[in-house]
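Colleague: I have a structure on my screen and I am new to this. Could you show me how to read it, feature by feature?

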Amino acid sequence: MIEDESEMTDGYKEALKGTLLVSADTELMSAPAYYEQSMNAPTLDARASCVSVIQDELGHGHIAYRLLEDLGEDREELLYEREPYEFRNTYGFDQPLETFAELVCSHGMFDRAGMVLLSDIEEHTSYAPWKRALRKVGKEEQFHLRHGETWMRRLTNKSEKTKGKVQDAVDWMFPMGVEWFGLPDSQKRNTDQLDYRIKGKTNDELRQEWMSHVVPLANELDLEVPAHYDDDSDEYVLEYDAPVAFDAANKEWRFEEPIGWDDVLDRWRDRGPANEKHVNLIQSGTLEAGV
């Protein structure tokens, strides 16, 4: 286990910082993504729970930024002096959430993806300060998952109309969750995270872990997802040839239009339609106060 910067090679330090920055930015950007629909929660208890999720996510981002500060990065600069397109959060949080159903599906599916990633890091990472900090993060993410999955069940069982809203959310969120874990192992170009034991599982192993939770949940709720468990291969398989094109303006996947992973990487770099709005929401308080 590595405790501080003095024990790191330059390669280890850069790989760790890159992983921490993606984690920090993703946790941070989930807060403005969740904010608007949290205010539209149908009950006071639901709103309180949604606000608690936001508070947790800001705290999780703070942990990762604080660790980056220990590695020589300027936290204020990372938060307030980068342009929106420079943030490295996962693409899912660059999408606007337009219904409460989308919010709770995001808790149930995107937070599941985050938990799969961070649970793997907590179990396998060689960076001791992050390993210790993730114990608290994991417990709070469990609450986010319970909240999201509970509301997904409530909405699918309430009426055909509310079930339809959940299905609409799952339609665009499921393929985005598949993308969440990055390039397939066969095309992975950089193995530093594994070589330095910053994480323990490959992208495809993490993707399988995510689907092992999300696909059974969809089946339980009678929701359609383009994936199923295959007995012969003993794994979850997609029912489309990934990756495929995404119409960000309408949040629709063009399954008939296969693309390459380089196209996906370009889409991620270009950021999504709510990127600037979400970053501005984070940065506006400090900018308006003139701090």
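This is a predicted model: local features need pLDDT of at least 70, side-chain atom pairs count only at pLDDT 80 or more; totals for chains, interfaces and linings use all residues.

Colleague: How many residues sit between the strands in the hairpin of E3 and E4?

Modeller: Four residues sit between them. Lys251 lies in this loop. Its phi is near 50 degrees, a positive value in a residue other than glycine.

Colleague: Why point out a positive phi?

Modeller: Most residues other than glycine have a negative phi, and most peptide bonds are trans.

Colleague: Is Lys251 buried or exposed?

Modeller: The words have cut-offs: buried means under 20% relative accessible area, exposed over 50%, and partly exposed in between (1.4 Å probe, protein chains only). Lys251 is buried, because its relative accessibility is 10%.

Colleague: Where is the other hairpin, the one with Asp234 in the turn?

Modeller: E1 and E2 form that hairpin, with four residues between them. Asp234 lies in the loop between strand E1 (227-230) and strand E2 (235-238). These strands pair in the antiparallel sense over four bridges. Look at His228: its bridge partner in E2 is Val237.

Colleague: What is the phi of Asp234?

Modeller: Near 55 degrees, a positive value in a residue other than glycine. Asp234 counts as exposed because its relative accessible area is 56%.

Colleague: Now peptide bonds. Which two residues does the cis bond join?

Modeller: Ala242 and Pro243, with omega about 0 degrees. Pro243 is in the loop between E2 and E3.

Colleague: Next, salt bridges. How many does the structure hold?

Modeller: A salt bridge is a side-chain nitrogen of Lys or Arg within 4 Å of a carboxyl oxygen of Asp or Glu. The structure holds 23 of them. One joins Lys13 and Glu5, whose closest N and O atoms are 2.2 Å apart. Lys13 is buried, since its relative accessible area is 17%. Glu5 is at 33%, so it is partly exposed.

Colleague: What about Glu36 and Lys277?

Modeller: They form a salt bridge too, with the closest N and O atoms 3.4 Å apart. Glu36 lies in helix H1 and Lys277 in helix H10 (residues 275-289), so the pair ties together parts that are 241 residues apart in sequence. Glu36 is partly exposed, as its relative accessible area is 42%. Lys277 is exposed, at 54%.

Colleague: Which residues are linked in a network of salt bridges?

Modeller: Arg66, Glu69, Asp70 and Arg75.

Colleague: And which residues gather in the patch of negative charge on the surface?

Modeller: Asp74, Glu76, Glu77 and Glu81. Lys and Arg count as positive and Asp and Glu as negative; His and the chain ends are not counted. Patches are made of residues with over 30% relative accessible area and no salt bridge: like charges are joined within 9 Å, nonpolar side chains (Val, Leu, Ile, Met, Phe, Trp, Tyr) within 5 Å. The place of a charge is NZ of Lys, CZ of Arg, CG of Asp or CD of Glu. Accessible areas come from the Shrake-Rupley method with a 1.4 Å probe; for residues, only the protein chains shown count as cover.

Colleague: Where is Asp74?

Modeller: In the loop between helix H2 (44-70) and helix H3 (75-80). Asp74 is partly exposed, because its relative accessible area is 42%.

Terms used. Residues are numbered from 1 along each chain as its sequence is written. Side-chain values use heavy atoms; hydrogens and water are left out. Helices (H or I, at least four residues) and strands (E, at least two) are DSSP runs, numbered from the N terminus. Two strands pair if DSSP finds at least two bridges between them.
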